[in-house]
Amino acid sequence: MSRHRNVRGYNYDEDFEDDDMYGQSVDDDYCISPATANQFIYSRQERQAPREEPLEEEEYEDADVPMSPTVSHNLDPLDQAKLYSCLDHMRAVLGDAVPDSVLSQAAISSGFDPQRALDAVLSEDTKTAPVTKTTPENAAPVQRVSQEKAPLPQRTKQAAVVEKAKIRDATQSKLDSEVVPKVARMTVSGKKQTMGFDVPSTGENGVVSASARRGGSPENATVTPASEATSKRPETPSKGSNEDEASTLPTPGRSSGKSRQTINIKAELEKRQGGKSLLNLVVIGHVDAGKSTLMGHLLYLLGNVNKRTMHKYEQESKKAGKASFAFAWVLDETGEERDRGVTMDVGMTKFETDSKVVTLMDAPGHKDFIPNMITGAAQADVAVMVVDASRGEFEAGFEAGGQTREHALLVRSLGVTQLAVAVNKMDQVNWQQDRFQEITTKLGHFLKQAGFKESDVFFIPTSGLSGENLATRSSVPQLTSWYSGLSLLEQIDAFKAPQRSVDKPFRLCVSDVFKDQGSGFCVTGKIEAGSVQTGDKILAMPPNETCTVKGITLHDAALDWATAGDHVSLTVTGMDIIKINVGCVFCDSKEPIRVCTRFRARILLFNIEVPITQGFPVLLHYQTVSEPATIRKLISVLHKSSGEVLKKKPKCLGKGMNAIVEIQTQRPVSLELYKDYKELGRFMLRYVGSTIAAGVVTEIKE
């Protein structure tokens, strides 16, 4: 309605009430506080007071040191100009160390010649030097005032001019020993200048300044000018010097500790774990066998998951219509895994038994995620295979196309020799002994064929959902009537820990790379051999880049060192994150891992439908690497047990054969021979979604 306002009868005088004028803001008088106004608004009367303060300081200086040459010497204007010019020259060289009265006296006696006057002053100083040292208290206020007035660059400039003058001096050898202590004393007095608040220096600061003062004694006067200039800059603020010294002090301590740890690495390992040995455990089995639920419930019973978190998982899973998945959500943390109800990536966590520290890896069971399962199995020492005891479910996982067989072959080919078979969901078949024996008979026969010893395979009846026979032995009468063996946790505790390659050169296979806060980036993976400490320089292959280890994290705890078998996260600096991918190997720079595109290997073929011929395309799975490759040559067919050559240069390879072949990869991969590093010499070959062979590296071609 503003367009139809009645402008004829409008009273304009109301807008111009009070003393307002055009172009003047109403809030002018109230926009700043009185204190701010006093600070910034010009006032002729108040301006006089601050101007007098530096004069008071000058008078204070004059009281200690008479400086005005005109008072004590009646000179004509020409001589006075010469005197001032000579004083300027001398002051540029000497700074504020010598009083003006002494300088003017020397200038007049030398006929206003700056060089002769300097010689006279310095030669006098040599005679009076012990006196000035015995009474530093008198000189300290003068030096401090002059130092505080002179800014830091100016002081360093003065020091530089002192050095130039000394070089020019004819009597250089005689004068050097006297000028250097003066500069050192000036530095010490400058060191008392504080940044920010004026805090009285006690304790460490006093010790530091005393040591600096000792550094300025004539015994140490043979320091070179360059080193003197560099040492003087960080010393000026006391805070900076303390930080410098604090950062340099631990260095020798760390190096001595480093050598000590290298010698006693096994003793340190036992001390860290409290005598408990480390065990890497992978959980495998067919999809929906209950792997995540079983291990999630075990972690809950061990107290690794608190009741509040578990209650939250139960409520959320009920809302999602998956109430039975509550324990699985302990290990399946991503939204996609929870929505689909399928483990997709290897979940990793830690728990402790009576005699072991166990790193648990929950591998996916779905056939689409076998590459992830291979990554987890390659890092494991022992395995728990979970099978479903329900009617029809065990058969679906065990028959052709099921993952139970493939997983068993994979873990055996990747070096796992001890296996616990958790026969899960036994409560659904009312803990029947017949069903349990049927499963153990079928599976035991197959596992023996796969290469497991009967003495290293253990069968345990369990229920992941109800938690029976997991952490403690079951008290269900239907089970205890025929089973009196170990619970799952007791069996994991009874596994034998493998020997670690602690004494071999350092090797770590990268399973993940990410940018963390601060400088550098983080890589995670399992240390396959050797040990690493903070500050070590390590080499990344195949990029062939050197970097420095800044930090080591094991199960979210920061450590100074880690050794073979540990799943660690390393913070490294000194190289670009773009050059590192999953599958790279960090190694000792003195003994690097070998990189190649062609190598010879002995392979064992599984049940394959298509015979392998020369040029056959495969996918090479090695540790955390997944690399396309081709079989370039078929060299020979070997006898399974004796290893003798049955046929040279075969045309093709069928199922179950043992052969030596030459494999070529598209990109360089880091490999080790099986005889040198068993963990790093194994690989798997896959073709069109199924595993066709397992092999070991016998020869590396460059």
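A charge sits over a ring if NZ of Lys or CZ of Arg is within 6 Å of the ring centre and within 35 degrees of the ring normal. The model is predicted, so local features need pLDDT of at least 70 and side-chain atom pairs count only at pLDDT 80 or more, while totals for chains, interfaces and linings use all residues. Residues are numbered from 1 along each chain as its sequence is written, and side-chain values use heavy atoms, with hydrogens and water left out.

**View 1. Arg405 over the rings of Phe398 and Phe446.** The charged end of Arg405 sits over the ring of Phe398, at 4.4 Å from its centre. Arg405 also lies over the face of Phe446, 4.9 Å from that ring centre.

**View 2. The aromatic pair of Phe398 and Phe446.** Nine aromatic pairs are found in a search of the whole structure; rings of Phe, Tyr and Trp (its six-membered ring) pair if their centres lie within 6.5 Å, and planes under 30 degrees apart count as stacked, over 60 as edge-to-face and the rest as tilted. Phe398 and Phe446 make an edge-to-face pair, with 5.7 Å from centre to centre and 85 degrees between the planes. The pair links distant parts of the chain, 48 residues apart: Phe398 is in helix H19 (residues 393–398) and Phe446 in helix H21 (residues 433–450). Helices (H or I, at least four residues) and strands (E, at least two) are DSSP runs, numbered from the N terminus. Both Phe398 and Phe446 are buried (under 20% relative accessible area, with exposed over 50% and partly exposed in between; 1.4 Å probe, protein chains only). Phe394, Phe398 and Phe446 form one aromatic cluster.

**View 3. The aromatic pair of Phe599 and Phe683.** The ring centres of Phe599 and Phe683 are 5.6 Å apart and the planes stand at 80 degrees, so this pair is edge-to-face. Phe599 is in strand E16 (residues 594–605) and Phe683 in strand E23 (residues 682–687), so the pair ties together parts 84 residues apart in sequence. Phe599 and Phe683 are buried.

**View 4. Strand E10 and its partners E11 and E15.** Strand E10 (residues 537–541) is mostly covered, with four of its five residues buried. Two strands pair if DSSP finds at least two bridges between them. E10 pairs with strand E11 (residues 545–554) in the antiparallel sense over four bridges, and Glu545 in E11 is the bridge partner of Ala540. The hairpin of E10 and E11 has three residues between the strands, and in it Asn544 takes a positive phi near 60 degrees. E10 and strand E15 (residues 585–588) run antiparallel and are joined by four bridges; Val585 in E15 is the bridge partner of Met541.
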